[in-house]
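Me: I have a structure to go through and would like to ask about it piece by piece. Shall we begin with how the helices pack?

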Amino acid sequence: MADYDYIVIGAGSAGCALAGRLAAGPSSVLLLEAGGSDRRLTVRAPLAFAAQMSGPTDWDFSSQPEPGCDGRTIPQPRGRVLGGTSSMNAMVWVRGSHLDYDGWQLPGWGWSDVEPVFRRIESHYLGGPAHGTSGPVRVTRLPEPDPTSSRWVAAARAAGVSDNEDVGGPDLDGTSIAPVTIWKGQRWNAARAYLPAARRRSNFTVVTGALVHRVVIRDGRAVAVEYERKGQRLRVGANREIVLSAGAYGTPQLLQLSGIGPAAHLRSVGIAPIVDSPAVGTNLTDHPATAMSWDVQPEYVGLSDAQKPQWLLRWLFRRTGKLTSNAMEALAHIRSHPELPAPDFQLIHSPSYVSLVATDRELRRASSVLQSYWTPKSRGTVLARSSDPHDAPEIRLNTLAHPDDVQAFIRVVRRTREIVAAEPFASVITAELHPGPEVVTDAAIEAWVRSSVATTGHPACSAAMGTDRESVLDEKLRVRGVQGLRVADASAFPRIPRANTNAPAIMVGERCADFVRTGQ
């Protein structure tokens, strides 16, 4: 295979943005993706995303037993498909607060630096000047929200949450129907946003079914990528740069497989260290989440009948109906304590029964509120188990390891009950299913949280940027200690933003393209 100027590893949110922007120039670009095509009903029909979990488009990772979560292993779904996790997420578009990016304290990454990039990305239904109107990512208001979702937004307002049509940030406080990456009834993932234009150019190549084994480093420079496809081992060279966009789990694992990481750990799993970078795979941060649910009055069907053939036919022929729902239909961004500088929780209303721990995906009549915690203090790790790229990395989230995280969840359970008890939502529900009306004391709520907390699916920060020499990346996303190698995905965040991480990850991909194209 011929060499390329640039090789991008991973066609996820950031990788598609990066590869698509680089392909718009004269240089040759290769995009390698372990998964396959995103032309699947489970990808394109928004409500079908949960059917992908543990299927062929999912890496199907799990954490190690979590000491703070009753020793449970927590599933970690990640997209193994063109578009990456933007092909299997719940499509909510939130950019984050100015406090997030200014708080990184990195040159070139403050809110005033990244806000124009977000505008460049978006074709947003709210229009300018706060949002972009001609970018590749289409952001719409959920077109057909369930009546219970609209009632829940009204109840949140009645309970004191401000009315905010633009909950996508930087002013996050408030409640509204969710802004989503859905266009004309279909998921608008990063692959659909960025790759069609690139595919029309002769300088762009995308290879699917390509499991990368390692980046080849020679004399301190990343020069090639070894990967496996259809049982064959292949090597392709990079004349200029290689960029890892394999996600918060895949990127630190591939750095370690390539000899970049904590030297003692690498030796212990049979990998020869090339660059001793102890922070690779540390600082892992996720948005832990719980889900409360309520039984509802018989007339509120919600999404419980969405598996009926009529809705599939309506979606197939008209791209309308219940399969256009993202299930996570309404948002309320709240501060669980009044002295906080910005919201610390995203509450998400779903007109269905949601359990983050049950494996059963049967739709049943209920209403649920997910509580996604935006500012956890607990940190985890991602470490290669062996030198074999087929072995999933060892993931330790350490969820609820910090006592402040537990206290935040106790506060938010109580606040959620206040919202649900307000009209016009109170008349929708009949009884609290989870955690149940008997769970009222701090101790009882904590026990429920530890038994049921899981993930919002936002892992990040595991190969973080920083200005200090010990950080994995510098502020231009370059891997310290190796020339010609960068990282562009959510692993690069120094701290996780108050956001659904799809939008910030795409922003990182765009920023990386800027750096590469201008030789920074």
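Me: How do the axes of H10 and H11 cross?
Reply: In this predicted model, the axes of helix H10 (residues 403-420) and helix H11 (residues 442-452) come within 9 Å and cross at roughly 105°. Angles of 65 to 115 degrees count as roughly perpendicular, and H10 and H11 are therefore roughly perpendicular to each other.

Me: Which residues make that contact?
Reply: H10 contributes Val-406, Phe-409, Ile-410, Val-413, Arg-414 and Arg-417. From H11 come Asp-442, Ile-445, Glu-446, Trp-448, Val-449 and Arg-450.

Me: And by class, what is in the contact of H10 with H11?
Reply: There are 7 nonpolar and 5 charged residues, with no polar ones.

Me: Changing topic to H1: how many of its residues are buried?
Reply: Helix H1 (residues 13-23) is mostly covered, with 10 of its 11 residues buried. Among them are Ser-13, Cys-16, Leu-18 and Leu-22, and the buried set also includes Gly-15 and Gly-20.

Me: What covers the buried residues of H1?
Reply: The cover includes strands S1 (4-9), S2 (29-32), S11 (204-207) and S14 (232-244). Helices H6 (190-199) and H12 (502-517) also take part in covering the buried residues of H1.

Me: Now S20. Which way do its residues point?
Reply: Ser-367, Val-369, Gln-371 and Tyr-373 point one way from S20, while Ser-368, Leu-370 and Ser-372 point the other way. In a regular strand the side chains alternate between the two faces of the sheet.

Me: Is S20 mostly buried or exposed?
Reply: Strand S20 (residues 367-373) is mostly covered, and 7 of its 7 residues are buried. Both sets of residues, pointing either way, are buried.

Me: Which strands are joined to S20 by bridges?
Reply: Strand S17 (residues 288-296) is joined to S20 by 6 bridges, and the two run antiparallel. Strand S19 (residues 345-350) is also joined to S20 by 6 bridges, again antiparallel.

Me: What stands opposite Leu-370 and Tyr-373 there?
Reply: Ala-291 stands opposite Leu-370 in S20, and Phe-345 stands opposite Tyr-373 in S20.

Me: Last topic, the annotation. Where does UniProt place the N-terminal domain feature?
Reply: An unreviewed UniProt entry places the feature "domain: Glucose-methanol-choline oxidoreductase N-terminal" at residues 79-102 and 247-261.

Me: What do those two spans look like in the model?
Reply: Residues 79-102 are 21% helix and 0% strand, and their end C-alpha atoms lie 30 Å apart. Residues 247-261 are 73% helix and 13% strand, with end C-alpha atoms 16 Å apart.

Note on methods
Residues are numbered from 1 along each chain as its sequence is written. This is a predicted model: local features need pLDDT of at least 70, side-chain atom pairs count only at pLDDT 80 or more; totals for chains, interfaces and linings use all residues. Side-chain values use heavy atoms; hydrogens and water are left out. UniProt positions are given in the numbering used here, feature names are shortened, and annotations may be inferred rather than shown by experiment. Helices (H or I, at least four residues) and strands (E, at least two) are DSSP runs, numbered from the N terminus. Buried means under 20% relative accessible area, exposed over 50%, partly exposed in between (1.4 Å probe, protein chains only). Two strands pair if DSSP finds at least two bridges between them. Axes are lines fitted to C-alpha atoms, for helices over the stretch in contact, and angles run from 0 to 180 degrees between N-to-C directions. Angles under 35 degrees count as roughly parallel, over 145 as roughly antiparallel, 65 to 115 as roughly perpendicular and the rest as oblique. Contact means heavy atoms within 4.5 Å. Ala, Val, Leu, Ile, Met, Phe, Trp, Tyr, Cys and Pro count as nonpolar, Asp, Glu, Lys and Arg as charged, and the others, Gly among them, as polar.
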